[in-house]
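Try each task before you read its solution.

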Amino acid sequence: MSAVVQDRYAPAPEGLFQIAQIDRPTITADEVLVRVHAASVDRGTWHIMAGLPYPIRLAGFGLRRPKYANPGRNLAGTVEEVGGSATGFTPGDEVYGMATSTFAEYAAVRADKLAPKPTNLSFDEAAAVPVSGCTALQAVRTHGRVEAGEKVLILGASGGVGSFAVQIAKASGAEVTGVCSTSKVDLVGNLGADHVIDYTDEDFADRGPRFDVVIDTGGNARLSQLRRALTPRGRLVIVGGETDGRLLGGSDRGIRAKVLSLFVGQQMGTFVTSENAADLMTLRDLIEAGQLTPAVDRTYPLDEVAAAIRHMLEGKARGKLAVSVSPGRLQTPATGSTP
Ligand SMILES: NC(=O)c1ccc[n+]([C@@H]2O[C@H](COP(=O)([O-])OP(=O)(O)OC[C@H]3O[C@@H](n4cnc5c(N)ncnc54)[C@H](OP(=O)(O)O)[C@@H]3O)[C@@H](O)[C@H]2O)c1
């Protein structure tokens with residue numbers, strides 16, 4: 001099959017990827033072989049590509065060099081083959097989910113990270129959902145425990161996770177304020193936010209302690225600033241934020257929030273996304289009910305994954321970036337290393 005391959009870690013995508021012919025993955029009993037129609041790019045793609053911060057290498061992605069052919073994690077496609085104990089799937093089913101090396105024509109996917117594709121989405125749109133959508137769902141519902149009528153602040157509302165979080169919080173009946181840069185104020189308003197703060201123009205904390213829940217997906221605001229925006233018994237959910245830190249990658253902020261939470265009335269913490277089929281089903285229900293639509297900015301062909309990652313790194317992406325896996329474009333693969 002044709003696949004994107006990467007044989008070393010590097011922080012810049014230029015010149016890093018090649019299209020090569022590699023073996024189709026073989027599946028274990030609890031896996032499903034999926035013919036990939038589309039994948040997508042998010043901040044996690046960059047972390048796996050760069051091997052940064054370093055703990056990601058210890059998390060199973062390869063200590064000195066990448067363990068997997070490429071850093072793709074999301075997919076939408078059709079079932080090709082089903083493992084002996086992977087129940088609920090039949091060849092030909094349209095599915096979406098999370099796996100490794102998804103910038104390729106085929107991927108082996110654990111059945112518990114796969115679900116039926118929302119019927120009202122294209123493959124490109126569906127591939128934009130899994131990691132960012134599950135993260136947003138867990139931030140809003142599992143950890144933020146957002147209830148109808150609550151005031152919710154979402155930092156990074158124009159991003160991959162934030163664009164889903166705005167819509168999920170609205171679907172939960174909250175009054176939502178989104179924070180983003182000037183050129184994306186229209187996007188966040190269109191996603192359904194009741195109020196939009198342009199962070200180049202206003203400090204969100206200046207509005208005082210008015211938010212029941214703050215969901216932080218961008219900007220790395222100080223804990224003191226975040227706490228000023230929260231009501232005395234409010235909840236802070238730190239999803240992430242990009243830093244240059246190679247060792248901790250900004251995760252120390254979440255740890256400090258958890259510790260501080262023991263001593264103050266506000267509940268603060270962070271989490272690692274759980275990749276699971278139950279949340280994919282919940283997302284599918286929200287999407288099919290018209291309450292959630294992935295904001296796909298652009299779709300790139302498979303041989304332009306590097307351009308997609310560069311677009312995201314430059315902060316230009318409005319919501320999500322999809323990658324279309326169209327074999328027609330890949331009939332003469334560039335000569336490249338085969339892992
Ligand atoms: N905990 C987990 O398991 C988990 C899972 C997924 C992702 N993450 C992390 O969560 C973060 C967000 O991921 P993502 O894929 O959504 O990234 P993304 O698409 O790049 O979105 C980040 C957003 O942050 C916004 N931002 C930048 N500076 C800001 C500021 N000063 N104030 C408010 N917003 C600001 C950007 O908005 P503008 O473009 O408008 O400036 C951008 O839309 C990343 O750090 C990622 O690594 C963690």
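Axes are lines fitted to C-alpha atoms, for helices over the stretch in contact, and angles run from 0 to 180 degrees between N-to-C directions. Helices (H or I, at least four residues) and strands (E, at least two) are DSSP runs, numbered from the N terminus. The model is predicted: local features need pLDDT of at least 70, side-chain atom pairs count only at pLDDT 80 or more, and totals for chains, interfaces and linings use all residues. Residue numbers start from 1 along each chain as its sequence is written.

**Exercise 1.** Find how α4 and α9 (residues 277–288) cross.

*Solution.* Step one: compare the axes. They come within 10 Å and cross at roughly 90 degrees. Step two: name the arrangement. Angles of 65 to 115 degrees count as roughly perpendicular, so α4 is roughly perpendicular to α9. Step three: list the contacts (C-beta atoms, placed from the backbone, within 7 Å). Pro130, Gly133, Cys134, Leu137 and Gln138 of α4 meet Asp279, Leu280, Thr282 and Leu283 of α9.

**Exercise 2.** Describe the residues around the ligand.

*Solution.* Step one: find the nearest. A residue is near a molecule if its C-beta atom, placed from the backbone, lies within 6 Å of it. Of the 30 residues around the ligand, Gly156, Gly159, Gly218, Gly219 and Gly240 come nearest. Step two: find the elements. α1 (43–50), α4 (130–143), α5 (160–171) and β9 (175–180) each give two or more residues. The largest share, three residues, is from α5. Domain 1 (2–129 + 294–330) and domain 2 (132–270), with bounds from an automatic or database domain assignment, both give residues to the shell, so the ligand lies between them.

Terms used: Parallel < 35°, antiparallel > 145°, perpendicular 65-115°, else oblique. Contact = placed C-beta atoms within 7 Å.
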